[in-house]
Amino acid sequence: MSIFKGAGVAIITPFHEDGSVNYDKLDELIDFHCENGTDSIVICGTTGESSTLTEEEHMECIKFTIERTKKRIPVIAGTGSNCTRTAIEMSKDAAKAGADGLLLVTPYYNKATQAGLVAHYKAIAAEAKAPIILYSVKSRTGMNIEPATVAQLVSEVDNIVGIKEASGDIGQIAKIMQMTDGNIDLYSGNDDQIVPLLSLGGKGVISVLSNVAPQETHDICEMFFKGDIEGSRALQLKALPLINQLFSEVNPIPVKKAANLMGMEVGGVRMPLTEMTEANAAKLAKAMADFGLKLA
């Protein structure tokens, strides 16, 4: 059984003006997603600025989200690291806290061979007793999970059950599904490729767009699953201009700006990220209005 099916939000981490985590606002965002069609919450991923959270903040955000979601929808904890031991300890803690699944990005900066990736993921899976979703995003990490590596891990490790594929390489993604005989839960890591991945047997998306358009992102998936391929495709294409603006600067700069334009008051981003330029913010606001989102 899949951890979730549909649109999981790669949720932003809200901050106070002094840069500290705003847990009251995070609580509001959790309720917002539980009430507006989101199928799962992915906490402390790239969009959640995990790279600039301390380990203490990281784990506190995960535990807080699990507690406040109250099993209304599944919670997936981002616990990847370029240090295998750190990833093991965070993954164990998240599993113990009740995470429904773990999202494990490939090691970044130090990277690894494909054999190293196998060893890395097997070591984590052996100690963290929760379903694991691999996360392949070469543009961020410099590290690709090759289809043969995915197939090996899925066949040899029971609790490696899925992959968030953000390579953008449809051919590679198709090969993953072919080499695993479809025995893997495939999630799009790119909002502009939801329908193409669903057509290959995908279970949904782990989405940035869902932060501001949760119902619509859910509907792209739900319509596809119900056989309304034309409706799903039309909504995917309608969302493309907004999706493009949500990635006009480094994620999550634009999506945090978008949330603030909607009056969510989620705060800014942590350095080295900086605020969105006025020119790009204006284009983002127009794309949001054109899509039908209500600005504050």
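These legends describe close-up views of aromatic rings and their partners in a predicted model.

**View 1. The stacked pair of phenylalanine 4 and tyrosine 187.** A search of the whole structure finds 2 aromatic pairs. In the pair of phenylalanine 4 and tyrosine 187, the rings lie 4.5 Å centre to centre, with 15° between the planes. This pair links distant parts of the chain, 183 residues apart. Phenylalanine 4 belongs to the segment before β1 (6–10), and tyrosine 187 to strand β7 (residues 185–188). Phenylalanine 4 and tyrosine 187 are both buried.

**View 2. The tilted pair of tyrosine 23 and phenylalanine 64.** The ring centres of tyrosine 23 and phenylalanine 64 are 5.3 Å apart. Their planes meet at 55°, so the pair counts as tilted. Tyrosine 23 is in helix α1 (residues 23–35) and phenylalanine 64 in helix α2 (residues 55–69). The two residues are 41 residues apart, and their pair links distant parts of the chain. Tyrosine 23 has 23% relative accessibility and therefore counts as partly exposed. Phenylalanine 64 has a relative accessible area of 15%, and because buried means under 20%, phenylalanine 64 is buried.

**View 3. Lysine 5 over the ring of phenylalanine 225.** The view shows the charged end of lysine 5 together with the ring of phenylalanine 225. The charged end sits over this ring, 4.4 Å from the centre of the ring.

**View 4. Lysine 238 over the face of phenylalanine 291.** Here the ring belongs to phenylalanine 291, and lysine 238 lies over its face. The distance from lysine 238 to the ring centre is 5.3 Å.

How values were computed:
Residues numbered from 1 in each chain as written. Predicted model: local features only at pLDDT ≥ 70, side-chain atom pairs only at ≥ 80, totals over all residues. Heavy atoms only, no water. Phe/Tyr/Trp six-rings, centres within 6.5 Å; stacked < 30°, edge-to-face > 60°. Helix = DSSP H or I, 4+ residues; strand = E, 2+ residues; numbered from the N terminus. Buried < 20%, exposed > 50% of the residue type's maximum accessible area, 1.4 Å probe, protein only. Lys NZ or Arg CZ within 6 Å of the ring centre and 35° of its normal.
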